[in-house]
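Trainee: I am new to this structure. Could you take me through one part of it slowly, namely the place where two chains meet?

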Amino acid sequence: MDLDALTLARWQFGATAFFHFIYVPLTLGLGILIAIIETLYLKTKKQVYSDLAMFLMKLFAINFAVGVASGLTMEFEFGTNWSEYSKLVGDIFGAPLALEGLTAFFLESTFIGLFLFGKGRVSDKVHAFSAWMVAIGGSLSALWILIANSWQQTPEGYRLVESPQGIKAELTDFLAAAWNHTTWIRFLHTVDAGFITAGFFVMGVMAFYLIKKRHVEFAKVGLKIALIFTTIASLIQILFGDLHGYLVAHHQPLKLAMFEGKFQTEKGASLDLFGVIDQEHHQSRMIIKIPYLLSILSYHDPNAEVKGIDDLVKEYQEKAKEYESKIPVIKEKLAQATNPEEKQKLQDQLVEAKIKAHALNIKYEDLPSIALVFTTFHLMVYLGFLFALIVLIALWKLKRGTLYNSKGFLWILVLSIPLPYIASELGWISTEVGRQPWIVYGILKTADAVSPVPAANVALSLTVFTIIYTILFIVFVYAMVRAINKGPNLSPSSPDYNTNAAGNVGVSTAFSQINKEGR
Amino acid sequence: MPMELITTLNGIWFLLAGIFLVGYSLTDGFDLGSGILHIFTKDEEIRLTNMNAIAPVWDGNEVWLIAGGGMLFAAFPIVYAVSFSAFYLAMFLVLWALILRAVAFEYRNKKDSPTWKKWWDIAYWIGNIVPAFLFGVAVGNAVIGIPIDEKGVFYGNLFTLLKPIPILMGFVSVFMFLIHGVAYLLIKTEGKAFEFAKKAAIIGFVGYVVSVAVADFFIIALKSELFNNFFDYPLFWIAPILMIIGVFLYFKWLVVDEKYDKVIYASSITITGTVLTIALASYPVFIRSTIDEKYNLTIWNSSSSDLTLTIMLVSTLIFLPIVIGYTTYVYKVFKGKVSAKGGYGH
């Protein structure tokens, strides 16, 4: 019965987070892109930039509405489904969530309203300012969430104490907890993934208009801006990805071993590109191996040792035993201690020993599906390289002046829209599943974090959520497609103003001027 | 007033929790209130006008709930963990409703089809009435107590929560949001929509007064100890007096003076008074345990460490005024009447 509730709660959180994360990356990148375009308008006063920003903000709003709704669920699920977790980490984990609301979310949602409805009521400067506030709000929001998430991955700045409701992690150093070793790279990596998502999204939409010969001049401008934006984001991401791997190797060696499918410890470890994981027999069969590359990437040293899953599990078990054996020793010392300061210190040690002896005692069977972690991680990386390839080809075509006319390539851009979404979800799955069996790395097992709620209730809420989310997703796609089909509200002075839906391009004075710039 | 309310971090945070609840009720409250009206008119023009009235601001308003939830998690994690797992299904009903509301709002006007609109209208209404009602029910349960043990494990189900007093408080909260929503519409609308809002204001006002009176009657009869705080700390009377002043002004401005622009001040005072009255009646308990008094979750046994409370307090003191500042600015930008036209969905 307990296991059932746990499994269902896992599914529910996984489903909610998966769903929420469909909407988040686009918000992160599109906000910045819109703000950049609004600023271009402010500088040049070219109507097409303003039309572009307004159009994209409408798409942003459709996306944002579902994002908020699903984010709301996530925030409350910590309490409803993971109350034991919330009790243990509330002192630390709640703060970034609260600060997200206070510093980021208010900003984002208030200024979206101002941007969408304020045109004509506020000056252009204030309008552009509100675009920046939306963008900054989105990034700040991601920062706080990743601070919270990173603390779960690599907890720091806390001590463990006993309270009437059980053991709690108590904050001792806010900066250490918030800005731990992995926060910054997680933040950059995630936000940049959002940039790529938004970039491909806008490129795809504009490519679609070009294929259909609608709003042609508008689409050319949009495609070009989005392409430059995406190129920078995609190339930087390769660097960020590498840095992220380096930090995971240092702070979460078990996760790295699962990412790479390494069961045995290897010196001068190879990077394995394709393979099959056989978890039952503790082995993986790889097809393409690049010698030394994993050691170089992970430790910047070709001969460095990369620990395998088997050894790591043993290591954790030994550590757990070590803590276990410390418990009676500390208890004895505690009985003799008279100095209150020393007593406090010993009590802290005792709580820590108890928690770690339990949490670090993991068995091989507790590990998640390694094939899942391996596959999702590898696919994400391959997609990352694919994005870089696509934008480089696009840039080359832009330079040759053929980008706007090569129908085949424009179709590739349209069909690429879902790929960055998939990459984000894959990355999220690999990093979250890769953290298992812990919910807080080395302190709290996921199995100990679940709420004492009857399995039937969780089953019911999971079912209803699945239905609601599925309907929501269909409606979301429908609304997006409709809005895209409808196209931008072009101002009378825009070059495409005389373009009708059938695709006949009318002539206007500004037309040739923009046309020149498009090249 | 007990000194610890303003001299200890835990006390200050109890008040801040109350302020966030008031903040949510004052902002998202009028969205919910205007949404509750939705199915009580068949007139498309009125419906659209009412939706346009809240369109630029409702997203920001709902953030009060998100920020409030985060604040509760940060400052009183045990209350957060216990209440949400105890109110499991009720909580999810609220979440589903809020999702429906958000999506209905965004999508209703995306297509000119009567069937499409009809379904989204129902979804929109459910999305407004359910949270409005269940907020009252949840607060009512926290105040009169639920069966929780020393670890905060809840012994009951959804029906355990549906007792007379919480249900009555559910009605109080529906009418409280309704009179506030209508007051907002009185400022934002004209013509047909305005006349409709005027009628609804009177019905809502009567509903609010009656539901408060009946709820009070039941509390006096069944749970009179909830009044103890007001006799122990006479300053607490400020809250119920505010509520009464609000009700009086509401009637005066709406019916006697017909100063429709002012009615919203009255509903704001009423809401502030109502929410604070309940909070102060409960002080220092967040959630009462009906199993044993010892298991009550209080501001003392369910809070975060002093360090977290301090950091959060400083952050709140810095950022809350900024939030209120730009929110006020945006409201000023959108000052004036709205019509059925406009809105970005067309």
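Mentor: Let's begin with charge: across the interface of chain B and chain A, the rule finds zero salt bridges, a salt bridge being a side-chain nitrogen of Lys or Arg within 4 Å of a carboxyl oxygen of Asp or Glu. The elements that give two or more residues to the side of chain B that touches chain A are α4 (58–75), α5 (77–86), α6, α7 (114–144) and α13 (306–333) of chain B; helices here are DSSP runs of H or I, at least four residues, numbered from the N terminus. Of these, α13(B) gives the most, with 14 residues. By class, this side of chain B has 44 nonpolar, 14 polar and eight charged residues, where Ala, Val, Leu, Ile, Met, Phe, Trp, Tyr, Cys and Pro count as nonpolar, Asp, Glu, Lys and Arg as charged, and the others, Gly among them, as polar.

A word on the source: this is a predicted model, in which local features need pLDDT of at least 70 and side-chain atom pairs count only at pLDDT 80 or more, while totals for chains, interfaces and linings use all residues. Residues are numbered from 1 along each chain as its sequence is written, chains are lettered from A and ligands numbered from 1 in the order in which they are written, and side-chain values use heavy atoms, leaving out hydrogens and water.

Now the contacts: 66 residues of chain B are in contact with 71 residues of chain A, contact meaning heavy atoms within 4.5 Å.
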